[in-house]
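User: I would like to learn how to read strand pairing and aromatic contacts in a protein model. Could you take me through them step by step?

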Amino acid sequence: MKKIIIIVLILATPLSCEFFNHLSSDKALTKKIEEKFISEKEIIDISQLNSFDWDELLIIGPYSVVEKVEKELNLDLKNIKGNAIEYSDNINLFIFLKGRKPVKISEISRAIGDFSIERIIIKKSKVKFKKTEDKQFELLE
């Protein structure tokens, strides 16, 4: 009986680790980001979000298939697969990376606008956007 319990625990550990490592949209972070984009500023600098450690940002748009993005960019995105991006047309998903692994995600409402870039990994130092007149945000070069 002890052997069976030990075997079950050994087999269940990887599954439970994956469950506990799953990222959900950070509501406080989302609010901060959306406030920046709603502001009257013409240039929005996301690089100043320093309440957690990150070094790159990936934005994926509505109906994006996470597995496809993983393959295209050679990333491990297992811990974000439970979000609504694949089925929703009202959000853009901001994926904050540290060492090319997701550390935070934020579901940004499309009501504030859309982003001209998707599926490109952007270095933290370059995450600055410019507003256009048609509610689009372009990466500032």
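This is a predicted model: local features need pLDDT of at least 70, side-chain atom pairs count only at pLDDT 80 or more; totals for chains, interfaces and linings use all residues.

User: In what order do the strands of the open sheet lie?

Analyst: The open sheet is formed by four strands in the order S4-S3-S2-S6, with antiparallel pairing. Its edge strands are S4 (101–109) and S6 (121–123), each of which pairs on one side only. From one strand to the next, the twist averages 25°.

User: Which strands does H2 touch where it packs on the sheet?

Analyst: Helix H2 touches strand S3 (91–98) and S4, and its direction makes about 55° with that of S4.

User: How should I read the aromatic pairs, and why is the pair of Phe 37 and Phe 115 edge-to-face?

Analyst: Planes over 60 degrees apart count as edge-to-face. The planes of Phe 37 and Phe 115 stand at 85°, with the ring centres 5.2 Å apart, so this pair is edge-to-face. The pair links distant parts of the chain, since Phe 37 lies in helix H2 (residues 27–38) and Phe 115 in strand S5 (residues 114–115), 78 residues apart.

User: Are Phe 37 and Phe 115 buried or exposed?

Analyst: Both Phe 37 and Phe 115 are buried. They also belong to a cluster linked by ring pairs, whose members include Phe 52, Trp 54 and Phe 94. Over the ring of Phe 52 sits the charged end of Lys 104, 5.5 Å from the ring centre.

Conventions
Residues are numbered from 1 along each chain as its sequence is written. Side-chain values use heavy atoms; hydrogens and water are left out. Rings of Phe, Tyr and Trp (its six-membered ring) pair if their centres lie within 6.5 Å; planes under 30 degrees apart count as stacked, over 60 as edge-to-face and the rest as tilted. Helices (H or I, at least four residues) and strands (E, at least two) are DSSP runs, numbered from the N terminus. Buried means under 20% relative accessible area, exposed over 50%, partly exposed in between (1.4 Å probe, protein chains only). A charge sits over a ring if NZ of Lys or CZ of Arg is within 6 Å of the ring centre and within 35 degrees of the ring normal. Two strands pair if DSSP finds at least two bridges between them. Axes are lines fitted to C-alpha atoms, for helices over the stretch in contact, and angles run from 0 to 180 degrees between N-to-C directions. Contact means heavy atoms within 4.5 Å.
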